[in-house]
Amino acid sequence: MTVAATFEIEYLQYLGTDGKPVAELPAAFRDPKALLPLFKQMLFVRTFDSKAIALQRTGKLGTYASCLGHEATHVGIGASMQPDDVFAPSYREYGAQFMRGVLPREVLLYWGGDERGNDFSGPKQDYSWCVPISTQCLHAAGAALKFKLMKQKQLAVACCGDGGSSKTDFYAALNSAGAYQLPLILCVVNNGWAISVPRSAQTGAKTLAQKGLAGGLHCLQVDGNDLIAVLEGMRRASERARSGEGGSVIEFMTYRLHDHTTADDARRYRNEDEVKDAWTREPIARLRTYLTAQGVWSEEEEKAWAEECGKKVDVEINAYLETPVQPVEAMFDYLYADPPPDLLAQRAFALAQEGR
């Protein structure tokens, strides 16, 4: 028998679920003090997330997609990018976006139904949230092609979920990245569920990372609850992309600890034991244990930081709540630079209904 090709997918993990190292730490991340700002950011994201859910439950926010359990993956991705890179998120990567300068009040504006929330304070080249699953992967591939043609050192990063990796847009993006050796990193955040569809029902592939092999990309699977593994995986992929070696697909293994969105009730399709087991692997407790054992973090420091996070998030919430509501015709302002006649007619009709 002649073998045409063989492959292996490397798996990265440095901290066990008990917070103890299970492998030699990468040289770039051996100083525990260097991880403190990112750990604090993870705590901030969790505080924001819980308060955003409370806002929705009290009728002050629309449907909201929680990021509970994704903190290490999202913060690690954002921390690994340069300001002039391009980020193409889906609709849940707040930790990455906060690292890039997006304000929490902008996230709240978006989920409050205000398109001004998509006009980020962060890098203006970053794409807005993308609810149509995985279409952002092609947007990122286009940005990466621009960097390639202009011989620029920037890279493009796109995030999608495990379900998103089954979409044609994802495959088209990875195929383009491989064919043209584009500086593109496709981050598959595998949280086990595509809304109510389990990972086992989505694909027959043993890993989601290996899907990148079809396009000739470098592929890696990472423990997405291990911040150090996330940072190292992103470091490797970034170095490859910036040096002209092409793109990567990284599968981040994590879990969605909350419902898909506040409009969902995950109890209808997943059992309580599965969620309880996932909580034993969650990212914040793991990193907290490691940093405490290294003598750079304490319970007192966390209590003080939690209080500060609450105050910071409250400032953002108040800014959101105090933002003047846009007039009804604003719904037409974010579709076209030059609206077509039928849209202008709809706008005029809406104004007429208001007596204007």
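Guide: A disulfide is a pair of cysteine sulfur atoms within 2.5 Å. The structure holds 0 of them. Before going on, a word on the ground rules. This is a predicted model, where local features need pLDDT of at least 70 and side-chain atom pairs count only at pLDDT 80 or more, while totals for chains, interfaces and linings use all residues. Residues are numbered from 1 along each chain as its sequence is written, and side-chain values use heavy atoms, with hydrogens and water left out.

Back to the cysteines. Take Cys137. The closest cysteine sulfur to its own belongs to Cys160, and the gap is 4.4 Å, so the two are too far apart for a bond. Cys187 is a second case. Its sulfur has Cys159 as the closest cysteine partner, at 4.6 Å, and that is again too far for a bond. Where do these side chains sit? Cys137 has 1% relative accessibility, so it counts as buried. Cys187 has 0%, so it is buried too.

Next come the rings. Rings of Phe, Tyr and Trp (its six-membered ring) pair if their centres lie within 6.5 Å; planes under 30 degrees apart are stacked, over 60 edge-to-face, the rest tilted. By this rule there are 12 aromatic pairs. Start with Tyr64 and Tyr94. Their ring centres are 5.5 Å apart and their planes meet at 15°, so this pair is stacked. The pair links distant parts of the chain. Tyr64 is in the loop between helix H1 (32-57) and helix H2 (71-79). Tyr94 is in helix H3 (residues 94-99), 30 residues from Tyr64. Helices (H or I, at least four residues) and strands (E, at least two) are DSSP runs, numbered from the N terminus. Both Tyr64 and Tyr94 are buried.

Stay with Tyr64, and turn to Trp111. Here the ring centres are 6.1 Å apart and the planes stand at 75°, so the pair is edge-to-face. Trp111 belongs to helix H4 (residues 104-111), while Tyr64 keeps its place in the loop between H1 and H2, so this pair ties together parts that are 47 residues apart in sequence. Tyr64 has a relative accessibility of 0%, which makes it buried. Trp111, at 11%, counts as buried as well. Now widen the view. Ring pairs link a cluster that includes Tyr64, Tyr94 and Trp111. Phe44, Phe48, Phe98, Tyr110, Phe120 and Trp129 belong to that cluster too.

Charges come next. A salt bridge is a side-chain nitrogen of Lys or Arg within 4 Å of a carboxyl oxygen of Asp or Glu. A search of the whole structure finds 23.

Arg256 bridges to Asp264, with 3.8 Å between the closest N and O atoms. Arg256 has a relative accessible area of 1%, so it is buried. Asp264 is buried as well, at 10%.

Arg267 bridges to Asp265, and here the closest N and O atoms are 2.9 Å apart. Arg267 reaches 72% relative accessibility, so it counts as exposed. Asp265, at 24%, is partly exposed.

Asp277 and Arg281 make another bridge, with their closest N and O atoms 2.5 Å apart. Asp277 is partly exposed at 42%. Arg281 is partly exposed at 29%. Elsewhere, salt bridges that share partners join Glu10, Glu232, Arg235, Arg236 and Glu239 into one network.

Asn225 lies in the loop between strand S7 (218-223) and helix H7 (227-242). At 7% relative accessibility, Asn225 is buried. Contact means heavy atoms within 4.5 Å. Leaving out residues up to four places away in sequence, Asn225 touches Arg281, Glu282, Pro283 and Arg286, among others.

Last stop: Gln202. Gln202 sits in the loop between strand S6 (197-198) and S7. With a relative accessible area of 17%, Gln202 is buried. It touches Asp162, Gly163 and Ser166, and also Trp193, Ala194 and Val197, with residues up to four places away in sequence not counted.

How values were computed
Buried < 20%, exposed > 50% of the residue type's maximum accessible area, 1.4 Å probe, protein only.
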